[in-house]
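Look at the model below before reading on.

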Amino acid sequence: MTVDQLTNAIVGGINSGLEQFLEGTLAAMLPVIWLVLLGLHLGRPYILDMIERFTLRLGADLLWLIYVGLRDFLIVSGVVMSFMFLFPDVVSADQLPITGGLAAACLFAVLLVKLMGDPDHNLREFRIVTGLLALGALLYFVPYVFGVQLNSVAAGGPFAGFSNFLVSGLNPDARWAVGLAYVSTALFAIMGAVATVYTLRTGGRAEVSEATTSK
């Protein structure tokens with residue numbers, strides 16, 4: 001082996017290790033983001049109740065801004081961190097939830113609904129966002145808990161076949177993981193095109209009806 005080949009092998013090993021470390025870190029952080037995001041969304045009535053107790057309007061506005069900013073920041077962060085599910089080589093090599101890409105598409109759909117409407121003041125759109133978040137959490141946590149985690153603590157057990165099926169890198173048929181990655185990519189592309197057309201048509205100004213609902 002020449003010096004150049006040895007150098008390339010070392011550099012390639014370091015790059016591969018760093019890539020797997022980054023992907024593993026993102027996969028470990030996503031469940032926390034999903035849990036916090038669901039907690040913030042479902043805790044909206046509590047935030048509204050706290051706002052009504054403020055005697056100063058400034059305090060109520062600050063609490064609402066912090067709540068909305070943190071909630072939407074977590075949605076955007078979840079979408080960005082889930083981009084790894086869109087790459088077939090990543091999902092076929094790493095042990096990730098097989099439907100993680102579809103869960104990311106649900107998060108992106110939430111952003112699309114927020115772009116085209118106002119779920120905080122429209123009951124129908126709020127229900128759509130709630131349904132998308134529930135579906136996305138289901139698509140992520142079911143394969144993560146019964147696939148990734150179950151396989152790590154009980155590998156080769158009686159449910160090995162079922163848990164392997166839910167893990168992208170362990171699925172006996174790699175076409176499932178690759179196919180779902182392509183489906184997720186197509187969903188992202190379609191929703192991205194819709195968001196682009198809507199933004200160009202409205203000039204960046206939201207067209208939200210003034211419909212309000214009771215809490």
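Two residues are in contact when heavy atoms of theirs lie within 4.5 Å. The model is predicted.

Begin with helix α2, which spans residues 44-53. Arg44, Ile47, Leu48 and Ile51 are buried there. Looking down the axis of α2, these buried residues fall within an arc of 100°, so they line one face of the helix. An α-helix has 3.6 residues a turn, so residues three or four places apart point the same way. The other side of α2 carries exposed residues: Pro45, Tyr46, Glu52 and Arg53.

Next, find Asp120 in the loop between α5 (100-116) and α6 (123-153). Is Asp120 buried or exposed? Buried means under 20% relative accessible area, and Asp120, at 15% relative accessibility, therefore counts as buried. Which residues does Asp120 touch, leaving aside its neighbours within four places in sequence? The contacts are Arg44, Trp64 and Arg71. Of these, Arg44 is one of the buried residues of α2.

Now turn to helix α3, residues 57-81, and α5. Their axes come within 9 Å and cross at roughly 135°. This angle makes α3 oblique to α5. The crossing in which α3 passes α5 is left-handed. On the α3 side, the residues that meet α5 are Arg71, Asp72, Ile75, Val76, Gly78 and Val79. Their partners in α5 are Ala104, Leu107, Phe108, Val110, Leu111 and Lys114. By type, the residues of this contact of α3 with α5 comprise eight nonpolar, one polar and three charged. Arg71, listed here on the α3 side, is also in contact with Asp120.

How values were computed. Residues are numbered from 1 along each chain as its sequence is written. This is a predicted model: local features need pLDDT of at least 70, side-chain atom pairs count only at pLDDT 80 or more; totals for chains, interfaces and linings use all residues. Side-chain values use heavy atoms; hydrogens and water are left out. Buried means under 20% relative accessible area, exposed over 50%, partly exposed in between (1.4 Å probe, protein chains only). Helices (H or I, at least four residues) and strands (E, at least two) are DSSP runs, numbered from the N terminus. The arc is that of the directions from the helix axis to the C-beta atoms. Axes are lines fitted to C-alpha atoms, for helices over the stretch in contact, and angles run from 0 to 180 degrees between N-to-C directions. Angles under 35 degrees count as roughly parallel, over 145 as roughly antiparallel, 65 to 115 as roughly perpendicular and the rest as oblique. A crossing is left-handed if the near helix is turned anticlockwise from the far one by less than a right angle, and right-handed if clockwise. Ala, Val, Leu, Ile, Met, Phe, Trp, Tyr, Cys and Pro count as nonpolar, Asp, Glu, Lys and Arg as charged, and the others, Gly among them, as polar.
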